[in-house]
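The sequence and structure come first, and the account follows them.

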Amino acid sequence: MAKMVNQICIAGLVQGLSEAIAFGQKAGLDMNQVLDVIGKGAAQSWQLDNRGKTMVADKFDFGFAVDWMRKDLGLVLDEAKRNGARLPVTALVDQFYADVQAMGGQRWDTSSLIKRLK
């Protein structure tokens, strides 16, 4: 159950980071510089520190694979149905990961969510 809680947190964090980086890139910002600055404030997270710059560099050949995340989120969503928990963001991000799989990203790192936005 604790791992399920972890995966729920990661799904939302990675989607938020993906949107932020894609937004900043479209705005013409130097996202490596932006990540350095915001990584010292409230937006700091393991995902930002360890995957932010690799997302900017469009590198997804390491870490926890999308296929594994989909398996885990499937278990989470099944448990949520059983226990009555409402997980609208998790369900949405699970579908975004399905999009990544359809793009050929089954073995890409979970931070590859950003590829949907480019």
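With which residue does D94 form a salt bridge, and how far apart are the closest N and O atoms? The partner is R70, with the closest N and O atoms 2.8 Å apart, where a salt bridge is a side-chain nitrogen of Lys or Arg within 4 Å of a carboxyl oxygen of Asp or Glu. This pair links distant parts of the chain, since D94 belongs to helix α5 and R70 to helix α4, 24 residues apart; helices (H or I, at least four residues) are DSSP runs numbered from the N terminus. D94 counts as buried because its relative accessibility is 5%, whereas R70, at 22%, is partly exposed; buried means under 20% relative accessible area, exposed over 50%, and partly exposed in between, with a 1.4 Å probe and protein chains only.

The model is a predicted one, in which local features need pLDDT of at least 70 and side-chain atom pairs count only at pLDDT 80 or more, while totals for chains, interfaces and linings use all residues. Residues are numbered from 1 along each chain as its sequence is written, and side-chain values use heavy atoms, with hydrogens and water left out.

**Salt bridges**

Side chains of opposite charge can pair when their charged atoms come close.

| Pair | N to O distance |
|---|---|
| D94 and R70 | 2.8 Å |
| D36 and K53 | 2.7 Å |
| R51 and D109 | 3.5 Å |

The side chains of D36 and K53 meet in a salt bridge, and this pair too links distant parts of the chain, with D36 in helix α2 (residues 31-38) and K53 in helix α3, 17 residues apart. D36 is partly exposed because its relative accessibility is 37%, and K53 is likewise partly exposed, at 41%.

The salt bridge between R51 and D109 joins helix α3, where R51 lies, to the segment after α5 (88-102), which holds D109, so the pair ties together parts that are 58 residues apart in sequence. Both of these residues, R51 and D109, are buried.

**D72 and its surroundings**

Salt bridges that share partners join K3, K71 and D72 into one network. D72 is found in helix α4 and counts as buried because its relative accessibility is 6%. Leaving aside neighbours within four places in sequence, D72 is in contact (heavy atoms within 4.5 Å) with K3, Q7 and F64.

**Charges over rings**

A charge sits over a ring if NZ of Lys or CZ of Arg is within 6 Å of the ring centre and within 35 degrees of the ring normal. The charged end of K115 is placed in this way over the ring of W108, 5.2 Å from its centre, and R116 lies over the face of F96, at 3.7 Å from the ring centre.

D58 lies in the loop between α3 (46-56) and α4 (66-83), and counts as partly exposed because its relative accessibility is 37%.

A2 has its place in helix α1 (residues 2-26) and is exposed because its relative accessible area is 63%. A2 and L13 are 11 residues apart in sequence, and their C-alpha atoms are 17 Å apart in space.

How values were computed:
Helix = DSSP H or I, 4+ residues; strand = E, 2+ residues; numbered from the N terminus.
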